[in-house]
Amino acid sequence: GINAEYMGIDGNIDEVVFSQLNDIPSIVHLKILNLKNVDILTNCLCNVPNLQTLDISDNQIGENGADKISNGLRHVPNLQTLDICGNQIGDNGADKISNGLRHVPNLQTLDISWNQIGDNGADKISNGLRHVPNLQTLNIRDNQIGDNGADKISNGLRHVPNLQTLDIS
């Protein structure tokens with residue numbers, strides 16, 4: 001079998017490559033480019049239980065994709081970094097991701113920037129922070145979060161005492 005810790009996948013060939021994840025359980029860092037089928041990715045997450053980094057930034061997965069990723073997080077309990085920036089998940093997608101955070105208690109970095117998240121989504125993310133007490137970096141910049149949403153995030157910060165970096169600009 002293949003022994004790899006880092007894998008970058010171009011989603012244009014996703015079915016073939018994702019099927020190979022069954023043979024590479026040692027992967028700990030996974031970056032996906034041009035993701036075309038979120039279902040294939042989430043179905044494969046159960047084959048990489050040691051995954052520490054999942055980077056699906058700039059794939060335009062939308063709210064539907066956020067829901068599928070959230071469900072897939074239960075298969076990667078050791079995840080430390082989740083980068084879903086630039087995916088247009090909106091408030092409803094933020095709600096889905098927030099619900100999925102309960103499955104990744106060791107998460108240290110969450111990047112949900114550039115996702116068209118407003119005050120309602122910020123409220124949902126704030127609620128989800130209680131599930132990730134080890135969070136050190138939260139990037140929610142370049143969304144549509146106003147004063148009310150910023151207040152909600154601020155209230156949720158009590159759940160992440162190790163937070164070192166917060167970008168809400």
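**Close-up views of helix packing and salt bridges**

Helices α3 and α4 are roughly parallel to each other, where roughly parallel means an angle under 35 degrees, roughly antiparallel over 145, roughly perpendicular 65 to 115, and oblique the rest. The model is predicted, so local features need pLDDT of at least 70 and side-chain atom pairs count only at pLDDT 80 or more, whereas totals for chains, interfaces and linings use all residues. Residues are numbered from 1 along each chain as its sequence is written, and side-chain values use heavy atoms, with hydrogens and water left out.

**View 1. Overview of the chain.** The protein has 6 helices and 7 strands, and along the sequence they follow the pattern β-α-β-α-β-α-β-α-β-α-β-α-β. Helices (H or I, at least four residues) and strands (E, at least two) are DSSP runs, numbered from the N terminus. Of the 169 residues, 45% are buried. Buried means under 20% relative accessible area, exposed over 50%, and partly exposed in between, with a 1.4 Å probe and protein chains only. Among contacts between residues at least 6 apart in sequence, 77% join residues at least 24 apart; contact means heavy atoms within 4.5 Å.

**View 2. Contact of α3 with α4.** The axes of α3 and α4 (residues 90-100) come within 8 Å and cross at roughly 5°. Axes are lines fitted to C-alpha atoms, for helices over the stretch in contact, and angles run from 0 to 180 degrees between N-to-C directions. From α3, the residues E63, A66, D67, I69 and S70 meet N92, G93, K96, I97, N99 and G100 of α4. The residues of this contact divide into 3 nonpolar, 5 polar and 3 charged. Ala, Val, Leu, Ile, Met, Phe, Trp, Tyr, Cys and Pro count as nonpolar, Asp, Glu, Lys and Arg as charged, and the others, Gly among them, as polar.

**View 3. Contact of α4 with α5.** For α4 and α5 (residues 119-128), the axes come within 8 Å and cross at roughly 5°. This makes α4 roughly parallel to α5. On the α4 side are D91, A94, D95 and S98, which meet D119, N120, G121, K124, I125, N127 and G128 in α5. By class, the contact has 2 nonpolar, 5 polar and 4 charged residues.

View 4. In α5, the buried residues are G121, A122, I125, S126 and G128. Down the axis of α5 they fall within an arc of 160°, so they line one face of the helix; the arc is that of the directions from the helix axis to the C-beta atoms. These residues of α5 pack against α4 and α6. In α6 (residues 147-156), G149, I153 and G156 are buried. Seen down the axis of α6, its buried residues fall within an arc of 60°, so they too line one face of the helix. What covers the buried residues of α6 includes α5 and β7 (165-167).

**View 5. Salt bridge between K31 and D55.** A search of the whole structure finds 4 salt bridges, a salt bridge being a side-chain nitrogen of Lys or Arg within 4 Å of a carboxyl oxygen of Asp or Glu. One of them joins K31 and D55, with the closest N and O atoms 3.4 Å apart. The pair links distant parts of the chain, K31 being in strand β2 (residues 29-33) and D55 in strand β3 (residues 53-55), 24 residues apart. K31 is partly exposed, with a relative accessible area of 23%, while D55 is buried, with 14%.

**View 6. Salt bridge between K68 and D39.** The closest N and O atoms of the salt bridge between K68 and D39 are 3.2 Å apart. This pair also links distant parts of the chain: K68 lies in helix α3 (residues 62-72) and D39 in helix α2 (residues 38-44), 29 residues apart. K68 is partly exposed at a relative accessible area of 27%, and D39 is partly exposed at 34%.

**View 7. Network around R141.** R141, D142 and D167 are linked in a network of salt bridges. Between R141 and D142, the closest N and O atoms are 2.6 Å apart. R141 counts as partly exposed at 31% relative accessibility, and D142 is partly exposed with a relative accessible area of 26%.

**View 8. Loop residue N50.** N50 sits in the loop between α2 and β3 and counts as partly exposed at 38% relative accessibility. N50 and L79 are 29 residues apart in sequence and 7.6 Å apart in space, C-alpha to C-alpha.
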